[in-house]
Amino acid sequence: INCGVIIVAAGRGERAGSHPDGPKQYRRIAGRPVISHTLDAFVKWAPDAPIVVVIHADDRDLLAAALLQVNGSSGNIRVVTGGASRQQSVLAGLEAMAGADIEHVLIQDAVRPFADPALLDRVEAALAAGARAVLPAVAVADTLKRAGIDGDVAETVPRAGLFAAQTPQAFHFQTILDAHRQAAAGGQSDFTDDAAIAEWAGVPVRLVEGAVGNVKLTLQKDIIMADERLSAPLP
Ligand code: C5P
């Protein structure tokens, strides 16, 4: 199918702490930047898909170095500058693809380097079946508690029907572009994922099974665990 990919990588990664390699999407796991691994997955899955990588203006050299370490052809990759929030960065990526006659788009966090082909196939299958918005998610396994202001537990939140959202989230291109433009025009700027913008715009979001291994690297420990996972010999 006619599908573009947007990789958002304009964040500063402050929760992971500062590091000489730069923000967490440029930290090395198994010897290569996180974003090189993220790109590998998409380049391998859809070698002809146009890819837009959204970066911070300060990170041009870091990205150029990371692109040299992608496994496979990266000939379809364009680079644009993002904004102060993830939402603004995604919109910059969508605007860069507008007019290119793209039917569907996959939107991926650069800091999720473990998207596997079966997951991408499931997301694509839901689009092919007619969904305009697709969210990979995993059922919450832990018991959930809401904290009170005193630091004690205020209540137990029933976890039935609760899912943790992942990326890539996938959309009919014009539908998500319109929803993002509307959200920006309406001054809505605190959406942390694109499915939430689709929900806000009244677009039904289809849930598909995510992958437990498709973790987001947020904290320093996540980067260390990802490095160990890739570097460790298979059991
Ligand atoms: O900050 P958070 O962990 O939610 O970021 C998720 C993804 O969004 C990361 O890949 C990050 O680089 C990206 N992002 C962005 N522009 C921002 C903030 C985050 O592209 N202003």
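## Close-up views of the predicted model

Figure 1. Contact here requires C-beta atoms, placed from the backbone, within 7 Å of each other. The structure is a predicted model, in which local features need pLDDT of at least 70 and side-chain atom pairs count only at pLDDT 80 or more, whereas totals for chains, interfaces and linings use all residues. Residues are numbered from 1 along each chain as its sequence is written. Helices (H or I, at least four residues) and strands (E, at least two) are DSSP runs numbered from the N terminus. Helix α5 comprises residues 173-185, and its 13 residues should span 18 Å at 1.5 Å a residue; the end C-alpha atoms are 18 Å apart, in agreement with that value. The expected span is 1.5 Å times one less than the number of residues. Directly after α5, Gly187 adopts a positive phi of about 75°.

**Figure 2. The buried side of α5.** Phe173, Ile176, Ala179, His180 and Ala183 are the buried residues shown in α5. They lie on the same side of α5, because they cover an arc of only 140° around the axis. The arc is taken from the directions from the helix axis to the C-beta atoms. An α-helix has 3.6 residues a turn, so residues three or four places apart point the same way. A residue is termed buried if 20 or more other C-beta atoms lie within 10 Å of its own, exposed if 12 or fewer, and partly exposed in between, with C-beta atoms placed from the backbone.

**Figure 3. Strand β1 and its two partners.** Strand β1 is largely enclosed by the rest of the structure, because 7 of its 7 residues are buried. Cys3, Val5, Ile7 and Ala9 point one way from β1, while Gly4, Ile6 and Val8 point the other way, and all are buried. In a regular strand the side chains alternate between the two faces of the sheet. Strands count as paired if DSSP finds at least two bridges between them. Strand β1 pairs with β6 in the parallel sense over 6 bridges, and Gly4 stands opposite Val105 in β6. Strand β1 also pairs with β4 (residues 51-55) in the parallel sense, over 5 bridges; in β4, Ile51 is the bridge partner of Val5.

**Figure 4. The shell around the ligand.** Among the 17 residues around the ligand, Val8, Ala10, Gly11, Ser89 and Ala110 come nearest. The shell divides into 7 nonpolar, 8 polar and 2 charged residues. In this division Ala, Val, Leu, Ile, Met, Phe, Trp, Tyr, Cys and Pro are nonpolar, Asp, Glu, Lys and Arg are charged, and the others, Gly among them, are polar.

**Figure 5. Asp194 in helix α6.** Asp194 is found in helix α6 and counts as buried, because 30 C-beta neighbours lie inside 10 Å. Leaving aside residues up to four places away in sequence, Asp194 touches Val90, Ile107, Gln169, Phe171 and Ile176. Asp194 and Ser231 are 37 residues apart in sequence, and their C-alpha atoms are 32 Å apart in space.

**Figure 6. The hairpin of β8 and β9.** Strands β8 (residues 144-147) and β9 run antiparallel and are joined by 4 bridges. Ala147 stands opposite Val153 in β9. The hairpin has 5 residues between its strands, and Gly151 takes a positive phi near 90° in it. Strand β9 (residues 153-157) is hardly covered, with 0 buried residues among its 5 residues.

Figure 7. A cis peptide bond with omega of about 10° joins Thr167 and Pro168. Pro168 lies in the loop between β10 (163-165) and β11 (169-172). Ala30, in the loop between β2 (28-29) and β3 (32-33), has phi near 50°, a positive value in a residue other than glycine. Ala30 counts as partly exposed, because it has 15 C-beta neighbours inside 10 Å. Asp101, in the loop between α3 (86-97) and β6 (104-109), likewise is a residue other than glycine with positive phi, near 60°. Asp101 counts as exposed, because it has 9 C-beta neighbours inside 10 Å.

**Figure 8. Lys44 and Gly72.** Lys44 belongs to helix α1 (residues 34-45). With 14 C-beta neighbours inside 10 Å, Lys44 counts as partly exposed. Lys44 and Gly72 are 28 residues apart in sequence, and their C-alpha atoms are 6.8 Å apart in space.

Note on methods: A residue is near a molecule or strand if its C-beta atom, placed from the backbone, lies within 6 Å of it. Two residues are in contact if their C-beta atoms, placed from the backbone, lie within 7 Å.
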